[in-house]
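Please read them with the structure open beside you.

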Amino acid sequence: MSSIVGTWKLVRATARDGSGVALPEPYGGQGIGRVTFTAEGRMQSVVCDGRREMPPGEARDYSSYCGNYTFDGARLVTRVDAASDPSRVGSDQVRGVRFDGELVILIPPPRRSGGKEEYRELTWQRISAE
């Protein structure tokens, strides 16, 4: 099983609808982020829209959370103890996990966006091992 332990940087974020049709890229197509997983079972993640200026009337997309995690090689579950979205605190954030060479792809559950189901994949590259 590949190790998830270390610090990773976001290199790509994609979104598709339920039919597999590409949707606009999350985070304005310029997402920046870091996620760290420790060998002791703690994680922290921050992701945001990296555009220097936002279009008029558009808010910057930002998400962060941390907590204890478990990982079985295909499924990552984090029990959230702090988050930018207070409704996440105390919840389990579940992600599918797939490795592609030196990259790891985290797959959150589908979400509603613009009246459609949206399926995201966030691709990360390791920048340091613990």
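Which residues lie nearest the centre of the second largest pocket?

1. Pro24, Glu25, Pro26, Glu118 and Arg120 lie nearest the centre of the second largest pocket, which is lined by 14 residues. A pocket here is an open set of points on a 1 Å grid over the protein atoms alone, with protein on both sides within 12 Å along at least five of seven lines, and lining residues have an atom within 4 Å of a point. Its space is about 220 Å³, a volume being the space filled by probe spheres set on the points, which are joined across faces, edges and corners. Strand 8 (111-113) and strand 9 each supply at least two lining residues, strands being DSSP runs (E, at least two residues) numbered from the N terminus.

2. On the basis of these notes: this is a predicted model, in which local features need pLDDT of at least 70 and side-chain atom pairs count only at pLDDT 80 or more, while totals for chains, interfaces and linings use all residues. Residues are numbered from 1 along each chain as its sequence is written, and side-chain values use heavy atoms, with hydrogens and water left out.

3. The lining of the second largest pocket divides into four nonpolar, two polar and eight charged residues, where Ala, Val, Leu, Ile, Met, Phe, Trp, Tyr, Cys and Pro count as nonpolar, Asp, Glu, Lys and Arg as charged, and the others, Gly among them, as polar. For the largest pocket the division is 15 nonpolar, four polar and seven charged.

4. The largest pocket holds about 490 Å³ of space, and among its 26 lining residues Tyr27, Ser63, Arg88, Arg95 and Pro108 lie nearest the centre. Strand 6 gives the most to this lining, with four residues.

5. Strand 6 (residues 92-100) pairs in the antiparallel sense with strand 5 (residues 75-83) over five bridges, pairing requiring at least two bridges found by DSSP, and Val77 stands opposite Val94 of strand 6. Strand 6 also pairs in the antiparallel sense with strand 7 (residues 103-107), over five bridges, and Ile107 in strand 7 is the bridge partner of Gly96. Strands 6 and 7 form a hairpin with two residues between them, where Gly101 in the turn has a positive phi of about 65°.

6. The structure holds zero disulfides, a disulfide being a pair of cysteine sulfur atoms within 2.5 Å. The sulfur of Cys48 is 17 Å from the closest cysteine sulfur, in Cys66, too far for a bond. Cys48 counts as buried at 15% relative accessibility, and Cys66 does so at 18% (buried means under 20% relative accessible area, with a 1.4 Å probe and protein chains only).

Definitions and conventions:
Buried means under 20% relative accessible area, exposed over 50%, partly exposed in between (1.4 Å probe, protein chains only). On a 1 Å grid over the protein atoms alone, a cavity is a set of points where a 1.4 Å probe fits but cannot get out, and a pocket is an open set with protein on both sides within 12 Å along at least five of seven lines; lining residues have an atom within 4 Å of a point.
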